[in-house]
Amino acid sequence: MTYENKNKPLDKKERIKIPRQEMPTQDPKERIKNFREVPYGLTPELAMMEARRCLACPKPLCMSGCPVEVNIPEFIRLVTEGKFVEAAKVIKKTNALPAICGRVCPQEEQCEKVCIMTKKYGAIAVGNLERFVADYERTQGKIEIPKLPPSTGKKVAVVGAGPAGLTVAADLAMLGHKVVIFEALHKPGGVLIYGIPEFRLPKAIVKSEVEYLQKMGVEVHTSFVVGKLDTVDELFEQGFDAVFIGTGAGLPNFMKIEGENLNGIYSANEFLTRSNLMAAYDFPNMDTPIFVGENVAVLGGGNTAMDSVRTSLRLGAKNAYIVYRRSHTEMPARTEEIHHAEQEGVQFMFLTNPVKYIGDENGWVKAMECIKMELGEPDSSGRRRPVEIPGSNFVLPVDTVVVAVGNSSNPLIPQTTPGLKANKWGNIEVDPNTQMSSRPGVFAGGDIVTGGATVILAAGAGKVAARAIHKYVMGIPFDEPKVEAVKSAAK
Amino acid sequence: MFRILDKRELCEKVQQFRIEAPHIVQKAKAGQFVILRKDDSGERVPMSIGGLDKKNGILTVVIQEVGKTSGAINRMEIGDQLADVVGPLGIPTRVEKFGHCICIGGGVGVPPIYPIAQALRAAGNQVTTIIGARSKNLLIFEDELASTSDRLLISTDDGSYGTHGFVTTILQKLINDGEEIDMVISIGPVPMMKAVVNTTRAPKIKTYVSLNPIMVDGTGMCGACRVTVGGKTRFACVDGPDFDGHEVDFDEMTKRMKMYTRYEKVAYERFLEGECRLAKKAEELH
């Protein structure tokens, strides 16, 4: 089906004259009272207008910036022609989760960063277009299951139904392998379900993308904790030819400062899991409660911190602070999330670090002592190291704190899989060319390998793993390594 | 999937369920726990394992009604199914030949002592079990524990049965009598566990406690279940549930367990009101 295309062809000069098309969004004053998605998405007209800005470079840079190798110029060309469903199919050839990636990828760090238009005219809105075509395909009921090759008779177990695991499952199913996903939580999706809030990624979309995989023959077992119920070795004994481990983020990091176990202090994992997976924002209709006071401080500057602080506003916080030890420039969160948080009235306290919590007689946090920081010399991450300014301590009254300073690894699989090498942080060591671990046939990817990272990096690792798993189970030798095998990414 | 095969009231507000969960039962060991979810709107609640019927794949849990979730589960009937039973979670209780072990259970902490006493005895230990309740009619699992212990001692707060006093009254007497005790494990309300470790601290008896703090995922992700042990933050779901009792900060744990009291009250009242309305409606219909 082709959307009616009344547009005339444009030359290059005309194309660059078109401004970047913005997605209409919910009014900040309204949206902090609900959990509905913030952007409404592009309309077909806006999408076609935006797509027409693409210069169709003979040597497109955008593709090199995409961890999952989406054929960006081709899908954008189809959008200019109004062929939205066809465009979605092009994306789905390499990315099974377009409606998700269109929403949560840091495009400004990837495809849009290297777009030839970026510097002078603003990048083509690749992410918004990806999201648009995926939504169009879904809402028009045009999702079709691709033709699958005949079964190879090989079986692969995927541990964890997050972005890494879902990508592995999709790619292997497309190659004719039987895939069974084992998910510890009661719903598949991993961080897409428990972590990322509804207002940024509606859960119905995750559900739909998982159902797409199920229609491709992928089996999903929920509430199945590998390592406790069956171990990796037992999965092999049951006839699986390879196992992929994508168990994601593990235990939350805390800052190890005084008073951290006072009531009212959450890890971001817990805070978001209560609100998202358990839908505690709908208490008491839902049984899981969540406490949000009037003054909420969220520690950290990443996407998880933005998700937490924006959730707290929607749950009634009067003052919602981001407390971050570096400055605005160093914040690792997506630009769009920071922008949305600012619009919604989040108060940013940069160059500030908590030193201890002060509790009341019942064990509830009532204040946080902070110290001001300044930026010193660059550290190993290349960012300027924050240094405390002596004597700059001050007290911030807070009744809720969300600690969003990263995760360490989940110990369940390394503990119960003999011969599986993990580094000192508990992250599984893999060969980056194949994502294969020290155990032949055991592959891993996503946060369990890299420590806390992004959805798309996990999906990218899933793609590399799927390719290697295919070779492994089919007895095809791996390619010569492109990258020198190094230990899993440093923290 | 997780069908209730049998249900029995052990005492007021305490129900014993036998649940079909063959895979979990096959893997579970004494001291581990499961997470239950009643239905799609339900919360994830950690529950101790009160028995493992390995032959038939049946899991026993004993639930005391203290709020909405426990109340709603306790009203489920034989043949009903739980949305989820996740497990076995946590590290099993350390079972080896210690010599003379004392297993102490209080309240609904009594049932999980049963598989532990069984395992310790099977490992060649001499097992003394002490169980306590406020009153004789609230005492549960007496027969089960009598059958798996070399000696079963009972206390009631009101003196209606066994020794008048607490489980620690009995424990203190055993210590005073000069009994050789190589290990103590205790499961029950926090004040009871705290009293037990205070009793064994001076004579330096190795004492394990099985903690049941608030959890959400229970698989090492959310960090809700953090407890301070030996001055360090530990996670009961993956580092526990058993910890060296002499190292646990029980006062902090007590406060943390009250984090949602206000919400629990709202949910429970609403639940009971709903039940009242239903009962009235049923009456009107008749």
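Residues are numbered from 1 along each chain as its sequence is written, and chains are lettered from A in the order in which they are written. In this predicted model local features need pLDDT of at least 70 and side-chain atom pairs count only at pLDDT 80 or more, whereas totals for chains, interfaces and linings use all residues, and side-chain values use heavy atoms, with hydrogens and water left out.

Q: In chain B, where is confidence lowest?
A: The mean pLDDT (the predictor's confidence in each residue, from 0 to 100) of chain B is 95, and 100% of its residues reach 70 or more. Strand S14 (residues 207-210) of chain B has the highest confidence, at 98, and the lowest, at a mean of 88, falls in helix H9 (residues 261-285) of chain B.

Q: How many residues of strand S9 (residues 100-106) of chain B are buried?
A: On one side of S9(B) His100(B), Ile102(B), Ile104(B) and Gly106(B) are buried (under 20% relative accessible area, with a 1.4 Å probe and protein chains only), and on the other Cys101(B), Cys103(B) and Gly105(B) are buried too. The strand is largely enclosed by the rest of the structure, because the buried residues number seven of the seven.

Q: Which residue of strand S13 (residues 183-187) of chain B is the bridge partner of Ile102(B)?
A: S9(B) and S13(B) pair (DSSP finds at least two bridges between them) in the parallel sense over five bridges. Within S13(B), the bridge partner of Ile102(B) is Val184(B).

Note on methods: Helix = DSSP H or I, 4+ residues; strand = E, 2+ residues; numbered from the N terminus. Buried < 20%, exposed > 50% of the residue type's maximum accessible area, 1.4 Å probe, protein only.
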